[in-house]
Amino acid sequence: MTEFLAFLERSRPDIESALEEILPPVSSRPGRLHAAMRYSVFAGGKRLRPALVRLAGATLGAPADALRSGGAAIELIHSYSLIHDDLPALDDDDLRRGRATLHREFDEATAILAGDALLTLGMTVLATEPRGMSGELRALAASRVGEAIGTSGMIGGQVEDLESEQSWPGDPEAALERIHRKKTGSLLVAALGLGGLYARAGETEELILKELGDRIGLIFQIRDDILDVEGTAGSLGKTPGKDAAARKLTYPGLHGLKAGRERIAELSAEASKLIGELPSRREVWTSLVDYLGRRAR
């Protein structure tokens, strides 16, 4: 998995720089809100999603500067989702990335508004950047990401996840796949699709990225479910064991840990076939899939 980690490290400085340029400074009003936004965005995240925008775009020949703002926008939206996911009304968590969650560090009202502000800023960036591309393409980018995070995507998956707590649905296996694809997978699929859009991918290439993103999303979330069982607060940077305590519908909870690992292996094999259809950077993609299936946090 070294090839993807090397790609991630090469990409990280420019990702951080783009986020720094986009986020309002603490010195501008309302300073406390801007401080809260920065607290969450610069909390030491992996920057996986903006790296995926860059990797998909680079694979299909998009200019590097075109991928910069789109990746940053995706990371802002991801940060918003984590802030809201940690709130008492949802997962009620005290720890994120090894430090206090935003509503614990600041307060609940500020956390809600900081999440709202990051979502709004992310969508604004998609609609207005990169300046060198047509307004039609930028509008399409915002539309696709908006759909991915809406009621048929990430937010809808979050609702189904909450509804499944304590009382699993009648067909839990189908519900679990649906929740994972929506809550986690939809934004990962959108990240790959955004890179493809900036590269002006054709229908065949867009479909490959969509199918690959679907596998990556499931691998990511099943591994996340496993880590919630096996990990520690020190290794994960967040509170483990919360899924079982809330009787959440998870892959280990429904199928067991062994079946979870087997499912990751199946999805990885499917992803490998799709990677074989990509025109370049196959070693990095293969390394990415390996990393997601074996990551420790």
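1. Let me start with R281, which is partly exposed at a relative accessible area of 36%. For that scale, buried means under 20% relative accessible area, exposed means over 50%, and partly exposed lies in between, using a 1.4 Å probe and protein chains only. R281 sits in the loop between α14 (257-275) and α15 (282-294). Helices (H or I, at least four residues) and strands (E, at least two) are DSSP runs, numbered from the N terminus.

2. A word on the ground rules: this is a predicted model, in which local features need pLDDT of at least 70 and side-chain atom pairs count only at pLDDT 80 or more, while totals for chains, interfaces and linings use all residues. Residues are numbered from 1 along each chain as its sequence is written, and side-chain values use heavy atoms, with hydrogens and water left out.

3. Back to R281 and its surroundings. Setting aside residues up to four places away in sequence, R281 touches F7, L55, A58 and T59, where contact means heavy atoms within 4.5 Å. R281 and L60 are 221 residues apart in sequence, yet their C-alpha atoms are 9.4 Å apart in space.

4. P130 is buried, with a relative accessible area of 9%, and lies in the loop between α6 (108-128) and α7. Beyond its neighbours within four places in sequence, P130 is in contact with A66, S69, R138 and Y198. From P130 to D94, 36 residues apart along the chain, the C-alpha separation is 36 Å.

5. On the overall fold, the protein chain has 15 helices and 2 strands. Its radius of gyration is 18 Å, close to the 19 Å that the globule rule gives for 297 residues, so the chain is as compact as a globular protein of that length. The radius is taken over C-alpha atoms, and the rule is 2.2 Å times the number of residues to the power 0.38. Along the principal axes, the C-alpha atoms fill a box of roughly 50 × 50 × 35 Å.

6. Of the contacts between residues at least 6 apart in sequence, 75% join residues at least 24 apart. The chain exposes about 12,700 Å², with carbon and sulfur atoms supplying 53% of it; these areas come from the Shrake-Rupley method with a 1.4 Å probe.

7. Searching the whole structure turns up 1 cavity of 30 Å³ or more. On a 1 Å grid over the protein atoms alone, a cavity is a set of points where a 1.4 Å probe fits but cannot get out, whereas a pocket is an open set with protein on both sides within 12 Å along at least five of seven lines; lining residues have an atom within 4 Å of a point. The largest cavity holds about 130 Å³ of space. Its lining has 14 residues, with S40, I83, D86, R96 and L102 nearest the centre. Two or more lining residues come from each of α2 (31-41), α4 (64-85), β2 (99-100) and α5 (102-105), and α4 gives the most, with 3 residues.

8. Finally, the second largest pocket contains about 590 Å³ of space, a volume being the space filled by probe spheres set on grid points joined across faces, edges and corners. Its lining has 22 residues, and A148, S186, V189, A190 and K210 lie nearest its centre. The elements giving two or more residues to this lining are α7 (135-149), α9 (172-198) and α10 (203-230). The largest share, 9 residues, comes from α9.
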